[in-house]
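Morning, everyone. Please look at the model on the screen while I talk.

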Amino acid sequence: MRRALGALSVLLLAVLGLAAPAAAGGVPLPTNPFGEPTGANDWSCRPSAERPEPVVIVHGTFGDRKSLLDDLSSAMVDDGFCVFSLDYGNRATGDIAASAEQLKAFVTKVLSATGAAKVSMVGHSQGGMMPRYYIKFLGGAAYVDDLVGLSPSNHGTTVVGDPSNPLTGPLLGATCPACAQQAAGSAFLTRLNADDETPGDVSYTQITTKYDEVVVPYTSAYLAAGPQTTNVTIQDSCPTDTAEHVFIPMSRTAIAWVLNALERPGPADPSFRPTC
């Protein structure tokens, strides 16, 4: 049922995005009416010695700073982290490079408010991939300690149509530029993944689900192996967890992996086994 609901949610959001008249930079979508994720965006929060990096949550395409993210946010707050979350990119449908600029400005605001030297980031879907542009091209490597992706679209998805198709490509690019950029093999992802996929002194953790119906194949979320990289599929540690792409931010297994990555030096411990 969860997988069916997740797929339906994605379909409805996509239809909503494609039904409106086209506008420069994508279709203008409604702004977030829901407020803050549980416990997040307390600008008086000061990091502790035990949890020195505030955490920035980065939502996915068609999302906002709260939707699907309450369980994740409250778990990190309960664990002692200062947590912040932003809206960006016209519900993350706009050009991803421009969204990364918005993320850069938000990180600057968080660092200024908290006095921290670096942040960690936990991103869902595009929100797990887009920060890599900030890290690689906008100087973010100096300000990010951990990047944890929940089903991140690191190498794109075959679900999205070919943006180079002369019949469908222009429509996709006009209505949702970020959707076209997340197609497997897009020029954007080719540039992002060229040379070093995990630059800087940043710890990279990718948490995926074999039931992902949006980032397809689900292993395209993985990044190149290395000492600062951990790739995890939640069913390898909890086989009965049926979370798919939309609901992975609410998966107890996924959240346990997120906390493991944030609580220790380096990425998540591949030998960690959460309580299922």
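First, a term. Rings of Phe, Tyr and Trp (its six-membered ring) pair if their centres lie within 6.5 Å; planes under 30 degrees apart count as stacked, over 60 as edge-to-face and the rest as tilted. A pair of aromatic rings is described by the distance of the centres and the angle of the planes.

Now some ground rules. This is a predicted model, where local features need pLDDT of at least 70, side-chain atom pairs count only at pLDDT 80 or more, and totals for chains, interfaces and linings use all residues. Residues are numbered from 1 along each chain as its sequence is written, and side-chain values use heavy atoms, with hydrogens and water left out.

How many aromatic pairs does a search of the whole structure find? Five. One of them is Tyr 133 with Phe 137. That pair is tilted, with 4.8 Å centre to centre and 55 degrees between the planes. Both residues sit in helix α5, residues 126-137. They are four residues apart, about one turn of the helix. Helices here are DSSP runs of H or I, at least four residues; strands are runs of E, at least two; numbering goes from the N terminus.

Is Tyr 133 buried or exposed? Buried means under 20% relative accessible area, exposed over 50%, partly exposed in between, using a 1.4 Å probe and protein chains only. Tyr 133 has 11%, so it counts as buried. Phe 137 has 29% relative accessibility, so it is partly exposed.

Tyr 133 has another partner, Phe 188. This pair is stacked: 5.6 Å centre to centre, 15 degrees between the planes. It links distant parts of the chain, as Tyr 133 is in helix α5 and Phe 188 is in helix α8, residues 187-193. The two are 55 residues apart. Both are buried.

Next, charges over rings. The rule: NZ of Lys or CZ of Arg is within 6 Å of the ring centre and within 35 degrees of the ring normal. Arg 191 lies over the face of Phe 137, at 4.0 Å from the ring centre. Lys 109 does this with Trp 43, at 4.5 Å. Trp 43 also belongs to an aromatic cluster with Phe 84 and Phe 106.

Last, the whole protein. There are ten helices and six strands. Of the 276 residues, 53% are buried. Strand β6, residues 229-233, has four of its five residues buried.

That's my tour. Questions, please.
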